[in-house]
Amino acid sequence: MITCRKMSAADVTDAFEMLRVFLREDEHYLASSEAYGDRGFQGLNDALDLFLEQPELGFVWLAYDDQGAAGVCVVCYAISTSMGAVVAKLDDVSVKMDRRGTGVGTALLEQLKEQLRKEAVTRIIWRTTTSPSRTTGLGSILPTARIAACGGLMTAVNVVTPYMPRFVI
């Protein structure tokens with residue numbers, strides 16, 4: 001069984017380890033990390049502290065299976081000027097290598113959608129690569145261009161560049 005939750009202080013070690021691997025091994029992130037101002041482990045530590053100290057800005061979403069921590073993503077809140085509503089932006093979405101193909105990525109996203117619906121968030125924006133990433137393991141479950149109703153939420157993907165499509169619910 002796969003369960004997901006927002007990171008608490010007790011979960012920081014799990015979040016740090018999975019995000020550390022993502023930020024050091026994802027070829028797409030590494031190609032642009034300098035432009036993002038990557039500060040290495042200190043930046044990651046500071047970010048995790050900020051999520052705990054300022055939950056109104058967002059959270060780290062974690063997936064756990066019978067073996068422990070299995071997947072992670074970062075969720076930041078924003079305001080859509082076109083919708084006049086709060087939306088969520090996903091970053092750093094990753095599933096541990098040994099858990100790929102077991103449903104962790106699907107559960108991570110489906111349970112995240114349920115959580116965001118409870119918070120009245122109506123759209124998720126996800127910028128990711130257009131091909132499955134060796135690090136995230138989620139490329140195969142992403143639609144490439146569609147719009148559909150999804151349990152009362154809008155779902156769409158809009159490929160804006162070869163590197164940065166947008167996933168919206």
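Trainee: Why is Asp 92 called partly exposed?

Mentor: The relative accessibility of Asp 92 is 24%, and buried means under 20% relative accessible area, exposed over 50%, and partly exposed in between, with a 1.4 Å probe and protein chains only, so Asp 92 counts as partly exposed. This is a predicted model, in which local features need pLDDT of at least 70 and side-chain atom pairs count only at pLDDT 80 or more, while totals for chains, interfaces and linings use all residues. Residues are numbered from 1 along each chain as its sequence is written, and side-chain values use heavy atoms, leaving out hydrogens and water.

Trainee: Where is Asp 92 found, and what is its phi?

Mentor: Asp 92 is found in strand S4 (residues 85–95), strands being DSSP runs of E with at least two residues, and helices runs of H or I with at least four, numbered from the N terminus. Its phi is near 50 degrees, a positive value in a residue other than glycine.

Trainee: Why is Ala 120 called exposed?

Mentor: Ala 120 has a relative accessible area of 55%, and is therefore exposed. Ala 120 is found in the loop between helix H4 (104–118) and strand S5 (124–127), and its phi, near 65 degrees, is positive in a residue other than glycine.

Trainee: What makes a set of residues a nonpolar core?

Mentor: Such a set consists of buried Ala, Val, Leu, Ile, Met, Phe, Trp, Tyr and Cys residues joined through side-chain atoms within 4.5 Å. The largest one here has 19 residues, and Trp 61 and Leu 112 are among those with the most contacts inside it; H4 gives the most to this core, with five residues.
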